[in-house]
Amino acid sequence: TLSGQLQVAGAKLDGNSPLKIMGKGYSAVTKNNVLIKSVKDVSAGEQIDIVMKDGALTADITKIKENG
């Protein structure tokens, strides 16, 4: 039924909400309000912002290690 399909879709959306994901221990890391997706997006000496479920942190990059 349409009602059942809407409930399933709503549950999927709820499970993928940023706040639910952050509740599992993940965070969003940004530099100048742009999401950082790679260590190549930052340089030593720069500041980043880390948004968590209950607040935010500002951190200075002192060292970068790439995988591989």
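Reader: Ile50 in this model: buried or exposed?
Author: Ile50 counts as buried, because its relative accessibility is 17% and the cut-off for buried is under 20%. Bear in mind that this is a predicted model.

Reader: Which strand is Ile50 in?
Author: Ile50 belongs to strand β3, which covers residues 47-52.

Reader: And what does Ile50 touch, leaving aside its neighbours within four places in sequence?
Author: Its contacts are Ser27, Ala28, Val29, Gly55, Ala56, Leu57 and Ala59. One of these, Leu57, is the residue in β4 that stands opposite Ile50.

Reader: How far apart are Ile50 and Lys31?
Author: In space the C-alpha to C-alpha distance is 9.0 Å. In sequence Ile50 and Lys31 are 19 residues apart.

Reader: OK, the sheet. What is the strand order?
Author: The order is β2-β1-β3-β4, an open sheet of 4 strands with antiparallel pairing. β2 and β4 stand at the edges with a single partner strand each, so one side of each has no neighbour in the sheet.

Reader: How many bridges join β3 to β4?
Author: There are 6 bridges between β3 and β4, and the two strands run antiparallel. Strand β4 spans residues 55-60.

Reader: Which residue of β4 is the bridge partner of Gln47?
Author: Asp60 is the partner of Gln47.

Reader: What do β3 and β4 form, and how many residues lie between them?
Author: They form a hairpin, with 2 residues between the strands.

Reader: How many of the 6 residues of β4 are buried?
Author: The number buried is 0, so β4 lies largely in the open.

Reader: Now the other partner of β3. How many bridges join β1 to β3?
Author: 3 bridges join them, again with the strands antiparallel. Strand β1 takes in residues 28-31.

Reader: What stands opposite Asp49 of β3?
Author: Thr30 stands opposite Asp49. Thr30 lies in β1.

Reader: Is that Thr30 buried or exposed?
Author: Thr30 is buried, because its relative accessible area is 15% and buried means under 20%.

Reader: What is Thr30 in contact with, apart from neighbours within four places in sequence?
Author: Thr30 is in contact with Leu35, Ile36, Ile48 and Asp49. Asp49 is also the residue opposite Thr30 in β3.

Reader: Changing topic: where is Asn32?
Author: Asn32 sits in the loop between β1 and β2, the latter being residues 34-35. Asn33 is found in the loop between β1 and β2 as well.

Reader: What is the phi of Asn32?
Author: Asn32 has a positive phi of about 55°, although it is not a glycine. Most residues other than glycine have a negative phi.

Reader: And Asn33, what is its phi near?
Author: Phi of Asn33 is near 65°, again a positive value in a residue other than glycine.

Reader: Asn32, buried or exposed?
Author: Asn32 counts as exposed, because its relative accessibility is 66% and the cut-off for exposed is over 50%.

Terms used
Residues are numbered from 1 along each chain as its sequence is written. This is a predicted model: local features need pLDDT of at least 70, side-chain atom pairs count only at pLDDT 80 or more; totals for chains, interfaces and linings use all residues. Side-chain values use heavy atoms; hydrogens and water are left out. Buried means under 20% relative accessible area, exposed over 50%, partly exposed in between (1.4 Å probe, protein chains only). Contact means heavy atoms within 4.5 Å. Two strands pair if DSSP finds at least two bridges between them.
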